[in-house]
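Hello,

The structure we talked about is pasted below. My notes on the two chains follow it.

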Amino acid sequence: MILSSMKNVVFGYGQAPVLNGVSLDIHCGEFVGITGPNGAAKTTMLKLLLGLLKPWSGTVQLNEKALDGNKLRIGYVPQNVASFNSGFPSHVLELVKSGCYSRLGLFKRFTLEQEAVVEQSLKQVGMWEYRNRRIGELSGGQKQRICIARALSGEPNVLILDEPTAGMDQQSRIGFYQLMRHCVTTHGITVIMVTHGLEESNQYLDRVISLEQRESEEWQCLSTSSCSVRFGPEHVSE
Amino acid sequence: MFEYEFMQRAFWAGACIGIIAPMLGVYLMLRRQALMADTLSHVSLAGVALGSVLGLNPVVYGFVVAVIGGILVEQLRRTYRTYSEVPVAIIMTSGLALAIVLMSFRSNLNKSFSSYLFGSIVAVSDIQLWLIACVALVGVGYFFVLRRPLYNLTFDEETAQIGGVRVRGLTFSFAVLTGMTVAAAMPIVGVLLVSSLMVLPASLALRLAKGFTAAIVMAVIIGLMGIFSGLTASYYINTPPGGTIALTLLIFLLVGIAYQRLRLVLHKRRARTSWGKVLNEQEYQNKGESHFEI
């Protein structure tokens, strides 16, 4: 089932387009890596997929419903989210719990199951022991991890991550890719991730979309057919 | 002091604005819009001048124009996304310029204008008191009902939007509430000091509180204490109430900062001997291990 589809998308910030004629499909339950050099409009592509930006021409479609028929829940970790205001008056648990607000609406109370999901999310990123710390007291890497936990606590069907491993050491990066692979394989979550560290993440990804520059300085995604499709260890049998 | 009706009214008005203004101030500061209150008070002044020139109720006109100003700032903020202080500067200068030009049409306006510039809480009229009470009630309801989307919006606008928060509607309604609060607070401390009621209690609460709700509650308590003690002081030492309230809040802030610094110094001194050992232990434990677990 196709989760999101871009067809002949053209988009730019000034007068010249930065993305020109991009077409691609993302399927449910895929772990997709988007790569390309600096300025290749990777973040722009994510924002177009999320509907935060409107294309000049072409179409972007994102399924409103998940496979189970319920409303699609998206967890998003933007680029440099860890550089947020360090004086933000919240402790870790409060911030991670806010990831559930979209599910709870305005008045519903936290259920025991949701409390358990929050706890599990924090444990998965190794931040449970820091749950009562003020977020301003955390390092950049720790902030990045609680932002990932916040996205996970909303029990998303889709996780969209913009350079999520920035500021992490090598062991943590590998641990993070393994966790994402687990989310995809075990829970059927779709993960779309912008990354520069393809050599590390490659073996965990189902597919890599790379943005390449054409002679006219516009960036174009390799079309789905010509895109190098790479399968992770769990998909070798396919 | 309370045998005088004007003082009773002043305390009621102070209580209403002491609840809503610091609450709003916490959100304004976190959204990097600390000068929004200053801007809207200048815009509101233009409304007051317009009402006076047209021979209509200046309070109502000041209120309406402040709300329109809030909406304009929000609209401009979308145009100047990277420079959030630019719309504030544009609207502030426009509001002040308009007020000066409108004032020139009526030569006898200067006297009544000084009460708007410097505030006169002890001369709060019935209509102003009702206006302040209504704004406080609407504001408290707004922040209670929308506390979750507002938290997400304040933390990060993009993730809030993706999480289903109607960002546009929420930011515009927030701007409208800011305009309403500024217009209602003007009679207390005046145009020049209106932002002190929002920014000073919030600045101290943001330094001291550990959580978001705690910060809001603390800001309200500090705001109420500042207004009540400022009003009392101004009554006994016969000083202008607006300035006295602002100075009281400033003293609270300075004492709070000094207390925090002192606590930090004492904490550092106590921990100096054991720190090295703890850090080495943590480094050893974290070495070569991933933080993530499945």
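A helix axis here is a line fitted to the C-alpha atoms over the stretch in contact, and angles between axes run from 0 to 180 degrees between N-to-C directions. Please keep in mind throughout that this is a predicted model.

Two helices of chain A

In chain A, the axes of helix 4 (residues 112-124) and helix 5 (residues 140-153) come within 8 Å and cross at roughly 145 degrees. The crossing of helix 4 of chain A with helix 5 of chain A is right-handed. On the helix 4 side the residues involved are A:Val117, A:Val118, A:Ser121, A:Leu122 and A:Gln124, and they meet A:Ala149, A:Leu152 and A:Ser153 of helix 5. Sorted by class, this contact between helix 4 and helix 5 of chain A has 5 nonpolar and 3 polar residues, and no charged ones.

Domains of chain A

Where the two domains touch, 10 residues come from domain 1 and 11 residues from domain 2. On the domain 1 side, helix 1 (42-50) and strand 6 (158-162) of chain A each supply at least two residues. Strand 6 gives the most to that side, with 5 residues. The domain 1 side that touches domain 2 has 6 nonpolar, 1 polar and 3 charged residues.

Contact between the chains

How many residues of chain A are in contact with chain B? There are 32 of them, in contact with 26 residues of chain B. Strand 5 (74-77), helix 3 (101-104), helix 4 and helix 6 (170-187) of chain A each supply at least two residues of the side that touches chain B. Helix 6 of chain A gives the most to this side, with 8 residues. By class, the side of chain A that touches chain B has 15 nonpolar, 13 polar and 4 charged residues.

Chain B

The secondary structure of chain B consists of 12 helices and 0 strands. Its C-alpha trace spans about 75 × 45 × 30 Å along the principal axes. Of the 294 residues in chain B, 46% are buried. Among contacts in chain B with a separation of 6 or more, 72% join residues 24 or more positions apart.

Helix 11 (residues 212-237) of chain B has 26 residues and reaches 37 Å from first C-alpha to last, close to the 38 Å expected at 1.5 Å a residue. After helix 11 of chain B comes B:Asn238, with a positive phi near 55 degrees.

Regards

Terms used:
Residues numbered from 1 in each chain as written. Chains lettered and ligands numbered in written order. Predicted model: local features only at pLDDT ≥ 70, side-chain atom pairs only at ≥ 80, totals over all residues. Helix = DSSP H or I, 4+ residues; strand = E, 2+ residues; numbered from the N terminus. Left-handed = near helix turned anticlockwise from the far one by under 90°. Contact = placed C-beta atoms within 7 Å. Nonpolar A, V, L, I, M, F, W, Y, C, P; charged D, E, K, R; others polar. Expected span 1.5 Å × (residues − 1). Buried ≥ 20, exposed ≤ 12 C-beta atoms within 10 Å, placed from the backbone.
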